Amino acid sequence: MKKVILLFLIALTTSVQAQLEDCSSCDTITYTSKDIEKNSLYDLQLLRNEIFARHQYIFKDERLLEYFQDYQWYQPDYNNPTEINLNDVENTNIALFKNAEEQIRKRRQRLFSELKELKRVLKQKDTITIGLFLDNALPDNTNYNSIIKELDDIFSKIDLKDVNWYKDTALYKLSIDNGFLVRITDLRINGDELILSAGDIKHSEIMTEPFQFGSNYYSENEYNSTWIFKFDGVKLRLVEHVIAG
């Protein structure tokens, strides 16, 4: 039993170490891809720049400068900037981080290639290829014509070229208030999870509650349809469809 517990603790420790928290030892420890497999693109960018920050490098990027100024160990001399000389270990770690960053960017590109393909086959009503994306995640009695229509309508409102990232989340959200209700169309990416949603979520801003004569809006008409996909690095597949309202 003790041996089993020990092995479990070792496995747990290894799992925790798979996300590098800081670069305080990046000048003496050569890390591997195993050590950073849980780190996001945002994490990796900070780790790479931390190597320079620990040499008191003065960043031209004001946001990076503000970020590292929160650490007590970062105290650059603005009158006499330090000349940066990295050792072999630091250069190796920088190369590792850069490579991992590039792999994440390529993974994002593959995800968007899948999104473009899904948008294309929905428009063309290619039911066979659409079925591969849906991957039997829907009940057998599903009306595929209505599903195709709804997803095609969502994608018709989303400009995939204008989806932007902040840290490790991407978003494209469209809100339309037609004087009666507010309709939301939303594409959101968190890691390998993609969420598409559309719905009539509330009354127009020109209406006031409690509703009086002049409005026939009822909250019972509010609804939201959410499609949750997972990306495995190659293929995008539906895992759940949730309807509320």
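The protein chain exposes about 15,900 Å², of which carbon and sulfur atoms supply 50%; accessible areas come from the Shrake-Rupley method with a 1.4 Å probe, and for residues only the protein chains shown count as cover. This is a predicted model, in which local features need pLDDT of at least 70 and side-chain atom pairs count only at pLDDT 80 or more, while totals for chains, interfaces and linings use all residues. Residues are numbered from 1 along each chain as its sequence is written, and side-chain values use heavy atoms, with hydrogens and water left out.

**Overall form**

Six helices and six strands make up the elements of the protein chain, in the order α-α-α-α-α-α-β-β-β-β-β-β from the N terminus. The radius of gyration is 25 Å, well over the 18 Å that the globule rule gives for 245 residues, so the protein chain is more spread out than a compact globule. Helices (H or I, at least four residues) and strands (E, at least two) are DSSP runs numbered from the N terminus; the radius of gyration is taken over C-alpha atoms, and the globule rule is 2.2 Å times the number of residues to the power 0.38. Along the principal axes, the C-alpha atoms fill a box of roughly 70 × 50 × 45 Å.

Of the 245 residues, 33% count as buried; buried means under 20% relative accessible area, exposed over 50%, and partly exposed in between (1.4 Å probe, protein chains only).

**Single sites**

Cys 23 and Cys 26 form a disulfide with sulfur atoms 1.9 Å apart, a disulfide being a pair of cysteine sulfur atoms within 2.5 Å. The torsion about their S-S bond is about -70°, so the disulfide is left-handed. Both Cys 23 and Cys 26 are buried.

Asn 49, in helix 2 (residues 41-53), is buried because its relative accessibility is 13%. Apart from neighbours within four places in sequence, Asn 49 is in contact (heavy atoms within 4.5 Å) with Phe 59, Leu 64 and Phe 68.

Glu 209 and Pro 210 are joined by a cis peptide bond with omega of about 0°. Pro 210 is in the loop between strand 4 (193-203) and strand 5 (223-231).

Two residues other than glycine with positive phi are listed below.
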